[in-house]
Amino acid sequence: MSNLKLIIKREFIARVRNKTFVVMTFLSPLILVAMVGLITWLSTLNNDEVREIAFFDETGLFTTDFKSSDNISYINYSGLTLNDAKDSVVINNLYGLLYIPKKQSSRELAQSIQFYADEAPNISIVNAIEDVIAGKLTNQNFKKRGFDLNAIENSKAEVTIQIENFSGEKTSKMSSYVKMFFGGAAGYLLMMFIIIYGNMVMRSVIEEKANRIIEIIISSVKPLQLMMGKILGTSFAGILQFFIWLILGSILLFIATSILGVPTQPSSIESSLALQENSQLELQLILQDILKLPLATLVLSFFVYFIGGYFLYSSIYAAIGAAVDSETDSQQFMLPIILPLMLGIYVGFFSVIENPHGTVATVFSMIPLTSPIVMLMRIPFGVNWWEVLTSMLLLLGSIMAITWMAAKIYRVGILMYGKKPSYKELFKWLKY
Amino acid sequence: MANLLEVRQATKRFGNFTALQDVSIKVPEGSIFGLLGPNGAGKTTLIRIINQITLPDEGSIYLDNELLKPEHIKDIGYLPEERGLYKSMKVGEQALYLAQLKGLSKKEAKKRLRYWFEKFDITHWWNKKIQELSKGMAQKVQFIVTVLHKPKLLIFDEPFSGFDPINANVIKDEILKLRDEGATVIFSTHRMESVEELCDHIALINKSKKILDGKLSDIKRAYKSNTFEVGLLTENNHGLYTSISEKFKVSPADFKTIDDQLKIKITLDQDESSNVLLSYLSEKAQIMRFNEVIPGVNEIFIKTITANE
């Protein structure tokens, strides 16, 4: 077996056998699912709560308009005096008291309605109440001016704009969200992968240095071989972990949703029927949108940028690991890694989504340190092939340059003990 | 005797610092070659160059009369001074890994490892992790890994550090045995008594330059000063001392005796024979001790280094 294969195998096994790795691999999906479950459960809890609201209507106009719904029930306190009403709201521990005073004009009335509550009331409840009152007052105004309410109701028009592209294909309004989702997920995944497994590469380099085994190893293999073996071995472990996460995650999510019975459809039947038609249509369109994404390009470029980005960054991680004696010392060199990654993500989530083909997005999808993330986010929106090609070539070129530099720093650094090098010294090492 | 290793005018600079300057050494086949020098002299750099860990800026290295090339890695076994093993890997596994890196097949490596593990009586360590072993135990494993692929050239940097006297002896015997089986050994250490005991050739490096090298016996011959250590039994120590010092160059000596002897060192001129001194002394007193003072490696080491400063 060649030395590179031996090193890859050892690194892979060392990573996979590591207790933290095992724990993380099997615990993370559990934690994730538990979180999702918890959040869903909490939100259903919240929704089940029925808020009791008393109203004190001096006008007598709204007695029949406040209809109790799933989460609000109205109680008419108009028979009491205002003070009694307030007291009994407090005593009965109701959510709040709506006070509608008697006023001359509806305009005046509209400005003088009050809601008494211990705590700041929920915005959606206030909105619901406002809607009821506004609707009632509007209708009253219509009546006053002699309009026929039925005629008005009948003449209301509803508009849904169908979005099509110039070749006549229909897209859903969700289209750009779908693109955003795919691009964002790819970019984010890449960033996470780089940070998690780049760090692992670095730690493994530091471990060899701290163990003092490094000199024994590099009297048998070339430092570059060792570095490459490390990067590859760790990435295979990472890919394995991601696959396990994917499989475990989907199994667990499936189990969790079926056990908890998280509603996949709205609960009330009438609304669901109406919605179903709509959402089915929408869902079809979303599916169409997904299929219409440049899938082949997307998958292919995902692999290229994923591998390229990972290689670029993990060789920097390896060089940093070689330059320092312990993990704590590595902090000062983290900035050149974290900064472009963050920049990539931010540019991706702000610039690309605003304007996928704008100058900022285009430039950052060319710069090698940010291009893997930014270009991955741009590709779903459709990017000229020559732009992708340029960006890939730039990436490839810089991978070669950076790996070469990293290997230089690596081969000098692994044999240096005792002093924390400065950037200046690292630069000097390039010339040794 | 043919030279297994020849370093020709190797120079290595790190930035402005010259770690090695024009150093040439010849290591005869089948010899034990002591590479000596104070801390920071450049020994480790030279060793790393021989191991192709670093490349020299100038100069060339020949192994077996061939210019050093990557394939030669398999012909060299190196036990570095800064050595360790993977802490969380099992002893057997990592010995196998390191042996395979040196080009042994898994099967062959296993076979040889079994032989060595049995020899050192450490078979039960196979499934232990290094972190469970003591430092000396780990050193044994490192020694095995160094010699396992039967290299032509063995390089030991401070091989005895971390060993108790008994195990140091075991290792020393193994090194001698390997030499007898045909291996050539380069040996870098600060412990002069082991140089005295083992090495037949030495090179002395100081401040990145080689200042002395050759066969140890030749060097000693060159460094001896025709001085003799003498122990005499007489009635009158003081009187004898005065009369001898009138004729010869005398200095006091110190060695242990059971009776009260006159202990002196007498230095003769380069061409004077010891017989003259002997016959002179035999008339004056009873000679209890008479031997030539041969400088130890330690003495040569200190003398040469201070002379060069």
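Which residues in helix 11 of chain A meet helix 15 of chain A? In this predicted model, the side of helix 11 of chain A consists of Ser301(A), Val304(A), Gly308(A), Phe311(A), Leu312(A), Ser315(A), Ile316(A), Ala318(A), Ala319(A), Ala322(A) and Ala323(A), and the residues they meet in helix 15 of chain A include Val388(A), Met392(A), Leu395(A), Ile402(A), Ala406(A), Tyr410(A) and Gly413(A). Sorted by class, this contact of helix 11 with helix 15 of chain A has 17 nonpolar, six polar and no charged residues.

The geometry of this pair can be described next. Two packed helices are described by the angle between their axes and the distance between the axes. Helix 11 of chain A covers residues 295-323 and helix 15 of chain A covers residues 385-413, and the two pack at an angle of about 20° with their axes 8 Å apart. Because of that angle, helix 11 of chain A is roughly parallel to helix 15 of chain A, and the crossing in which helix 11 passes helix 15 of chain A is left-handed.

Helix 11 of chain A also packs with helix 7 of chain A, at an angle of about 30° and with the axes 8 Å apart. An angle under 35 degrees counts as roughly parallel, and helix 7 and helix 11 of chain A are therefore roughly parallel to each other. The crossing of helix 7 and helix 11 of chain A, however, is right-handed, and the residues of their contact divide into 20 nonpolar, five polar and one charged.

What is Ala318(A) in contact with, leaving aside its neighbours within four places in sequence? The residues in question are Val201(A), Met202(A), Val205(A), Met227(A), Lys230(A), Ile231(A), Ala406(A) and Tyr410(A).

Val89(A) is buried because 24 other C-beta atoms lie within 10 Å, and, not counting residues up to four places away in sequence, Val89(A) touches Ala54(A), Leu94(A), Gly96(A) and Leu97(A). Met377(A) is 288 residues from Val89(A) along the chain, and the C-alpha atoms of these two residues are separated by 54 Å. Ile286(A) is partly exposed, with 19 other C-beta atoms within 10 Å.

In chain B, Ile202(B) lies in strand 9, residues 201-206, and counts as buried because it has 22 C-beta neighbours inside 10 Å. Leaving aside neighbours within four places in sequence, Ile202(B) is in contact with Gly34(B), Leu36(B), Val195(B), Asp213(B), Leu216(B) and Ile219(B).

The backbone angle phi deserves a look as well. Most residues other than glycine have a negative phi, and most peptide bonds are trans. Asn93(A), in the loop between helix 3 and strand 3 of chain A, has a positive phi near 60°, and Ser208(B), in the loop between strand 9 and strand 10 of chain B, has a positive phi of about 70° although it is not a glycine. Are these two residues buried or exposed? Asn93(A) is exposed, with 8 other C-beta atoms within 10 Å, whereas Ser208(B) counts as buried, with 21 C-beta neighbours inside 10 Å.

Finally, there is the contact between the two chains, which takes 16 residues from chain A and 19 residues from chain B. On the side of chain A that touches chain B, helix 1 (3-17) and helix 8 (214-218) of chain A each supply at least two residues, and the largest share, four residues, comes from helix 1 of chain A. By class, this side of chain A has eight nonpolar, four polar and four charged residues.

How values were computed: Residues numbered from 1 in each chain as written. Chains lettered and ligands numbered in written order. Predicted model: local features only at pLDDT ≥ 70, side-chain atom pairs only at ≥ 80, totals over all residues. Axes fitted to C-alpha atoms, helices over the stretch in contact; angles between N-to-C directions. Parallel < 35°, antiparallel > 145°, perpendicular 65-115°, else oblique. Left-handed = near helix turned anticlockwise from the far one by under 90°. Contact = placed C-beta atoms within 7 Å. Nonpolar A, V, L, I, M, F, W, Y, C, P; charged D, E, K, R; others polar. Buried ≥ 20, exposed ≤ 12 C-beta atoms within 10 Å, placed from the backbone.
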